[in-house]
Amino acid sequence: MTSGPALDAPPAEPKPATPAPVPRRRRAPIRARLRRDWPMLVMVLPGVLLLFVFHYLPMLGNVVAFQDYNPYLGDSPLRALLESPWVGLGNFQVLFADPAFWDAVWNTLSITAFQLVFFFPLPIALALVLNSVLSRRLRGFVQTVVYLPHFFSWVLVVTFFVQMLGGAGLLSQELRQAGITPPEIMTNPDTFLVLVTAEAVWKDLGWGTIVFLAALSTIDTHLYEASAVDGAGRWRRTWHITLPGLRPVIVLLLILRLGDALSVGFEQFLLQRDAVGRQAAEVLDTFVYHQSIATGDYGFGAAAGLFKAVVGLVLILVANRLAHAFGENGVYSRS
Amino acid sequence: MTPTVPPGRLRPVRNRRPAWEEPPTAAGQTAKGAVLTGVVLAVLIPLWVVLVTSVSSRETINAAGGLVVVPREIDLSAYRIIFSGGQITQALLITSLVTLAGTAVSLTVTVLAAYGLSRPGSLGHRGLLFYFLLTFLLYPGLVPSYLVVTGLGLKDSLWSLILPSALSVFNLVVVRAFFQNIPGELMDSARVDGAGEFRILWRIVLPLSKAVIAVVGLFYAVGYWNVWFTALLYIDDNEKFPIQRVLQSFILAGLSPQQSGTAMGTALPPTLAIKMAVVVVTVAPIAMVYPFLQRHFTRGVLIGAVKG
């Protein structure tokens, strides 16, 4: 999705080996190019600096994962970094021996798996339904409504769920007035998996349909006509034309999801972790947060974060290889 | 919200059933109708209830036993309270400031970098592109990022909400793809006439890219408006809380007893109408820019997704 073949394509106009005759030909080509291209370099500079300071520099900072990092040593984080004792893989040993860590890994993976089964197919289904709606106005109206929650923050989404389903929410209120004891929804660890999936569906079901609707619009309608003439009914057309037409997108999205298997909505879980309890709601990202910034044990938290980043990178590379194996373009091209 | 033309006209206009298609079955139509009604109501009911409760008087809320579904009157006192100064007004100002400044910074950096990377063959092009795109594969963890931001002295500074995420490389790729689709002859002729690259960007490329700039800018703006976790990390000063942080302490405090009390300090527990009014003012800006966004985002998403 991020860097397709287009980006890595060779320059549109191949530069001739010997540049066109310019007056000062004795100059090294690099200086000529610098003369020509310096404004481009200046333009890129702010972005390069931002990424350096807030992306690559912290990446180097991951060395605290191998330290017993003490922020109060020295007078700056850099001094603290230099003065903190090295502990080798000590943080990782503690990490891998920590049952809370494995709980978080397990929660993360089970949420990913659950959502793959119960969330992933829903946008496809909704896209099929929307695609079959003939009235453009109706379709446009439904799209307008269901895309909206994608732009809400997680704070808002959880707020809406609390107001609708929480202990003082609309559902409880109505049930109580009808004399029924309302079920505990927002704070029940046993059904938390379903709750977070429902929240994710509410937020992103509509948004997820966009890519499938786009893919549906590229399917040649003549295929449908021909197969209908040959006697294929509605379901057979869906099975033999529509779904194969969606296959590349489905494969690509599944692979992207695999690469992201260790990330589930971080803010979503952080917001609800305390209400539901660590046992059910601690995922890897919230584990890192609570083990480091909340408690001050930076080295340990960094180790957990580094573990996640490394496994995530491996997953992305594996996923991309799978994409190529499936004959898809993959996330990035292999040049 | 008024229905708009399907974004980007992705499909051919097809208002009539083709001749070869069998007529719809009653069961099928019912099922479809139920699905569409269901998803629309799932979004609209919460919005409606929150809006109605926020404009209800205390008596109406008490009579309803909490949230109000059927409006009785329009009572704007909750809004008068939250706009009368105090923490919510302050948070709205802070968030607006962060949104405006952040969007300006983000757009500037993104547009400049997108143009600077738009010409294959320019000096350092491949290396620089790699530098930017590598961020998709490798990302720093939470802890080192936190140490860098606090080490720069940005703790309790509003810049900590802007700078670390100011550049979205994804948006950069979208804008760059758009720039590359502008016919090169336009730039070449300007170059022949002696225009420098900055002038070309300002006078030729930007006027041709208003749509994509608007969409990317709105995406950035929504991101800044929604800023919550970075504020949790870096902003300890109540006076500098953005609105999402205040909303969290208002609404979710009841959900998680561990977090209550600390954030709101001395404020009295707000009444339901005030809480709901905060929700409404948090949603309102998004709902207002949304129609503009919707007209374009499908195309933007597709450029990013398909063209890379």
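1. Helix axes here are lines fitted to C-alpha atoms over the stretch in contact, and angles run from 0 to 180 degrees between N-to-C directions. Helices are DSSP runs (H or I, at least four residues), numbered from the N terminus. The model is predicted: local features need pLDDT of at least 70, side-chain atom pairs count only at pLDDT 80 or more, and totals for chains, interfaces and linings use all residues. Residues are numbered from 1 along each chain as its sequence is written.

2. In chain B, the axes of helix 4 (residues 87-116) and helix 10 (residues 197-208) come within 11 Å and cross at roughly 105°. The two helices of chain B are therefore roughly perpendicular to each other (65 to 115 degrees).

3. Helix 4 of chain B brings Val111(B), Leu112(B) and Tyr115(B) into contact with residues of helix 10 of chain B, including Phe198(B) and Leu201(B) (contact means heavy atoms within 4.5 Å).

4. Between the chains, 119 residues of chain B are in contact with 111 residues of chain A. Chain B and chain A bury about 10500 Å² between them, with 73% of it on carbon and sulfur atoms. Buried area is the accessible area (1.4 Å probe) that two parts lose on being put together, summed over both.

5. The rule finds 2 salt bridges across the interface of chain B and chain A (a side-chain nitrogen of Lys or Arg within 4 Å of a carboxyl oxygen of Asp or Glu). Glu22(B) forms a salt bridge with Arg237(A), where the closest N and O atoms are 3.1 Å apart. On the side of chain B that touches chain A, the largest share, 16 residues, comes from helix 14 (residues 272-307) of chain B.

Conventions
Chains lettered and ligands numbered in written order. Heavy atoms only, no water. Parallel < 35°, antiparallel > 145°, perpendicular 65-115°, else oblique.
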